[in-house]
Amino acid sequence: MNFAVLVFPGSNCDIDMLKAVEDTVGQPVDYVRHTADDLSKYDAILVPGGFSYGDYLRCGAIARFAPVMNEVRKAAAEGKFILGVCNGFQILTEAGLLPGALIRNKSLKFRCHPVDLRVENANTAFTLDYEEGEVVTIPIAHGEGNYYCSEETLAQLKANNQIVFRYAGENPNGSVDNIAGICNEAGNVVGMMPHPERAVSELLGSTGGARMFTSVLNAFKKRAESGATTGARAY
Amino acid sequence: MKATVYVTIKANVLDPQGNAVQNALHTMGFHEVGKVRIGKYMEIQLDTADRAQAEERVKAMCEKLLANTVIEDYRFELEG
């Protein structure tokens, strides 16, 4: 299984993301620059955290127009596995691949500490190896992670089981309905503010994020066994 | 021609910066201050004299990039 880790000017969690793939699933993984115009060899595309384009205008607003994003949009439509973490989540919402938006934390503080997350949907490609309702510890590090969406969108998220993670303890940023991560309707695109790539070893303080990587490898294997190449929830 | 673009946070979306500034103004003794909302002001020089076309293109700029219409509203004026 081939992984791509996208690198925009200002990405700063790309190395952590690549190392997390190597350490958890040991699959081939490449850095792919924002100028790339072909992602066809990759099965999973990881959009890492950071401050792409200096967060100018809005977080993720400029990155969504980078050439590589056209390829990400194609990959999403083909049913490939896409994960956006932190700034990566912001980019995916700005790109319209995930609904809603991330606004300034209610407290105005940059929050950087471990949080407890409840796994609300264990059927996405990135959460197969978790149990629904399980609580895992994964760190956050953001100033603009306050998830906002309209009431209609929230109702749709709930109806389609698109809420993947909720903050299990204190809500650190004011997110609507304690939302920490969501997926698209098909379940192949996931975005979250917490950093699973920073929680893949006891030495890092937690292994709570490691199963996101094993999950997507298992999703890929299941899809290969079933002979499906694309399509919604066809793992 | 010059476009002046105003991007504001939708009325039903929380504005933590506005709330902080409101609190600061109260602390400073400006008790008459009610709600404070913070937005963005942009000046864009346009190399065109066609007003109708400018109107259409600035609207596209706002929809595509300058505002995120999930959380923000925009309006603009054209001069010159």
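Buried means under 20% relative accessible area, exposed over 50%, and partly exposed in between, using a 1.4 Å probe and protein chains only. These legends describe a predicted model, in which local features need pLDDT of at least 70, side-chain atom pairs count only at pLDDT 80 or more, and totals for chains, interfaces and linings use all residues. Residues are numbered from 1 along each chain as its sequence is written, chains are lettered from A and ligands numbered from 1 in the order in which they are written, and side-chain values use heavy atoms, leaving out hydrogens and water.

**View 1**
A disulfide is a covalent bond between the sulfur atoms of two cysteines. Here it is counted as a pair of cysteine sulfur atoms within 2.5 Å, and by this rule the count over all chains is zero. Cys112(A) is exposed, with a relative accessible area of 53%. Cys62(B) is buried, and its relative accessible area is 0%.

**View 2. Helices α1(A) and α5(A) packed together.**
Helices (H or I, at least four residues) and strands (E, at least two) are DSSP runs, numbered from the N terminus. Two packed helices are described by the angle between their axes and the distance between the axes. Axes are lines fitted to C-alpha atoms, for helices over the stretch in contact, and angles run from 0 to 180 degrees between N-to-C directions. In chain A, α1 (residues 14–24) and α5 (residues 210–226) pack at about 70°, with axes 9 Å apart. Contact means heavy atoms within 4.5 Å; on the α1(A) side you will find Met17(A), Ala20(A), Val21(A) and Thr24(A), which meet Ala210(A), Phe213(A) and Thr214(A) in α5(A).

**View 3. Glu72(B) in strand β3 of chain B.**
Strand β3 covers residues 72–79. Is Glu72(B) buried or exposed? Glu72(B) is buried, at 8% relative accessible area. Not counting residues up to four places away in sequence, Glu72(B) touches several residues, including Arg58(A), Lys10(B), Lys40(B) and Leu66(B).

**View 4. Leu78(B), also in strand β3 of chain B.**
Leu78(B) counts as buried, at 11% relative accessibility. Although Ile44(B) is 34 residues apart from Leu78(B) along the chain, their C-alpha atoms are separated by 9.5 Å. Leaving aside neighbours within four places in sequence, the contacts of Leu78(B) include Met1(B), Leu46(B), Arg51(B) and Val58(B).
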